[in-house]
Each structure stands twice: as structure tokens, then as C-alpha cells.
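Subject: Handing over the structure

Hi,

Here is the structure I promised to pass on. Have a look at it first, then read my notes below.

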Amino acid sequence: MRRLIRIALILLLFPPLLAAVAGWLVAPAFLHPIRRELTPDLIREADASFAVTHSLRQDFDVRAPDGVLLRGWKVAPPLPNGSWVLLFHGVADNRVGVIGQSEFLLRAGYGVVMMDARAHGASGGPIATYGWLERNDTRAVIDVLFASYVDPCLSIQWSRPPPRGYCGQGRPNHIFALGESMGAGIVLQSAAADPRIEAVVAEAPFANLREAAYDYAGLRKYPWLGKTLFAPGTWTLLYRDEKLAGFPVAEVSPVKAVASRAFPVLLICDELDVALPCRHAEMIYAAARGPKQLWVVPRAFHTAAYGFEPEEFRRRVLNFFATCAAADPPASQDKTPGADQGSKSGSDDHLHQ
């Protein structure tokens, strides 16, 4: 009997102990994701996409508040509608990862800003912080976007009136944002920190770092394991990352972000997503104070909504931004978080298909 008890204790205690050791060992990798380099082939792929829409790409480098150099592109459509969309890619990716979304936005007249997140692509930075520093990076990007604009009608002496619609082309009247996976979590936190972001589309966002760690500890299939038997792995991973990086892990939370400021949000979750299952988007949806929608995409895998439902994806995103542009004042006006009074009535489209 004693032998059986010892065996049972070993079997019961060994998995949590092993998980705790594994969490401690892999913690640095969480802060240093694989860097997908911006190769010449990827640039040619992007330029081919921009050529289809007759859009103009410009290098767009921004110095973050802590001195890190962020690299990206500012892409202007041939017939701008006055609104800009910031595009945020996922972890271990770079700006080309959102090239598909940029194409239909450019066709619709939106200018797009595509940045490599810190510690990704061609951008600098020693670590990724999943929104803690990146939200300040976003504020710096918006600052430079406004500062880089020069109205052509002020810089040219016209012998006759300029073409209709020429003046003010490129002026950021409205700023929206779209992100996927890590980028979705970052943009939600950025919108809470900077009210110039008027509305957000977030596909496959994480609710917070702890909730995301449960999924990874549960082998991306059994999050209940990450919350029970393998929970010590999440504890040691997050504890060590907090000590290594020097930021409060509990504050990296899109759930807290949407609760702190009311802004319109379209949440997209992929039905068969095992990396960041729909419960993350549902937690964010429940906490959001502003106008909100949740679209569950049938049969789609992680960040694959556009591939599975391209026409519906385009329709929902464009309608969402157009509605927000018609309802909100221009981003150039002075805004404060307290001025946003989001309402759920008439806007809570919790859509399952």
C-alpha cells in the first residue's frame, strides 16, 4: 500500500514539477520570438501587391520613446478617402504578414501604415513585450504620421485652381487600426492609451498574457491542463519574464484595455483556433465598454479568417470603418479618453455562423 501511495504521489507531483522547470527554461524565448527577416523577395512580393492597387510605398522609420528604431512603410492609395489604418502583424512575423489586408484597404481609399513591431522584422529592440512598450511605440508612429504630412496646396503656387480633391490628400482625418494575434492584443492596448485611434479590428487577440500562457502550457489543445496540472509552468514562465524584462505581466491585458476606454471594436475569432481560442475574444468582448461586435469565423484556423471568408472579411471591416468614420470626429481634433462615451445599444452584434 505504501509503495502504491509513493507511486501515486510521484505520478501526481512529477508533471507539475516538470512543467515548472520547463516554464523557467522557455521564458527567455517568450521575450525573444523568432525574427522573420524582411528579405528582398518579401519586399518584391509587397511591391507587386501595391502595384495592383497603384499605391505609393514610402519607407517610414520612427524612433520609439526609449530610443528603439522602428521600421515600416507608409502606403498611400491613388484616391485617398482621408482615413489611415495602422496594421499590426502577429508574433514571429513582420509587416508583410498583413499585406493581404493592406490590399483591400488601399483599394477602398485608406492609407495604411505597416510597421515591424519591436524585436521583429527590421525593427530594433532587444525584447517583445506584447503591448507594454508597444503601445508607446504606436503613439510615436501616430505622432510621426501627423508630423510627416505636408498639404501639397500649401507647398505649390498654382497658376489655376488645383484639381478637385487634390488638396488635403493624405491628411489623417481618421485613424483606425487592424491587428492579428499578437498585433491584435497590441492594438487594443494602444487604442486604450491613445484616443486618436478611433476604432479597432482585432483578429485572434489574446485576453492577457496569463490566459495565453495557459493555452501554451496546455499544448495548444487542452487549456484546462495549463490551468491545473501544468499551471506551475505558467507561473514560472511569467514570473521569470517579469524579472527579466522589468514590466508587470498582469498589466499586459487587452481585457483591461477595452474596459479602461470606450472605443468601437470588431473582434474576430477563428472557430478552430487552438493557439488563441475564441474564449480570449469572448473575454475581451464581455469587458469592452464601447460599441462592439464579435464575429466567429466557421472552420477557420488561427488568423485565417481572411483566407476562409475573404469577401465577408472585407465587407465587415470596410463597413465597420466607414460607420466609425461617419460617426466620429476627425482624429486631428483634440481628444481625451474621457471624451469617449461608448454605448452598447444598437452595436452589440454578437454574430456566430
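Is Arg299 buried, partly exposed or exposed? Arg299 counts as partly exposed because its relative accessibility is 49%; buried means under 20% relative accessible area, exposed over 50%, and partly exposed in between, with a 1.4 Å probe and protein chains only.

Before the rest, some housekeeping. This is a predicted model, where local features need pLDDT of at least 70 and side-chain atom pairs count only at pLDDT 80 or more, while totals for chains, interfaces and linings use all residues. Residues are numbered from 1 along each chain as its sequence is written, and side-chain values use heavy atoms, with hydrogens and water left out.

Arg299 sits in the loop between β8 (292–297) and α12 (305–308). Those labels are DSSP runs numbered from the N terminus: helices are H or I with at least four residues, strands are E with at least two. Arg299 has a positive phi of about 70°, although it is not a glycine. Why point that out? Because most residues other than glycine have a negative phi. Ala119 is not a glycine either, and has a positive phi of about 65°. You'll find Ala119 in the loop between β4 (111–115) and α4. With a relative accessible area of 5%, Ala119 is buried.

**Helix α4**

This helix covers residues 134–147, so 14 residues in total. From first C-alpha to last it reaches 20 Å, close to the 20 Å expected at 1.5 Å a residue (the expected span is 1.5 Å times one less than the number of residues). Its buried residues are Glu134, Asp137, Thr138, Ala140, Val141, Ile142 and Leu145. Take Thr138: it counts as buried because its relative accessibility is 4%. Not counting residues up to four places away in sequence, Thr138 touches Leu86, Phe88, Ser190 and Ile197, where contact means heavy atoms within 4.5 Å.

**The cores**

A nonpolar core is a set of buried Ala, Val, Leu, Ile, Met, Phe, Trp, Tyr and Cys residues joined through side-chain atoms within 4.5 Å. The largest one has 57 residues, and those touching the most other members are Leu86, Val113, Leu188, Ile197, Val200, Leu209 and Leu267. Helix α6 (residues 182–193) gives this core its largest share, six residues. A second, separate core has 32 residues, among them Val75, Tyr110, Leu178 and Val297.

**The largest pocket**

The pocket search runs on a 1 Å grid over the protein atoms alone: a pocket is an open set of points with protein on both sides within 12 Å along at least five of seven lines, and lining residues have an atom within 4 Å of a point. Which residues lie nearest the centre of the largest pocket? They are Phe30, Ala212, Tyr216, Arg220 and Leu237, out of 32 lining residues. The largest share of the lining, eight residues, comes from α1. The lining divides into 24 nonpolar, seven polar and one charged (Ala, Val, Leu, Ile, Met, Phe, Trp, Tyr, Cys and Pro count as nonpolar, Asp, Glu, Lys and Arg as charged, the others, Gly among them, as polar).

**One last residue**

Ala325 is in helix α13 (residues 310–327). Its C-alpha is separated by 9.8 Å from that of Gly82, which is 243 residues apart along the chain.

Cheers

Note on methods
On a 1 Å grid over the protein atoms alone, a cavity is a set of points where a 1.4 Å probe fits but cannot get out, and a pocket is an open set with protein on both sides within 12 Å along at least five of seven lines; lining residues have an atom within 4 Å of a point.
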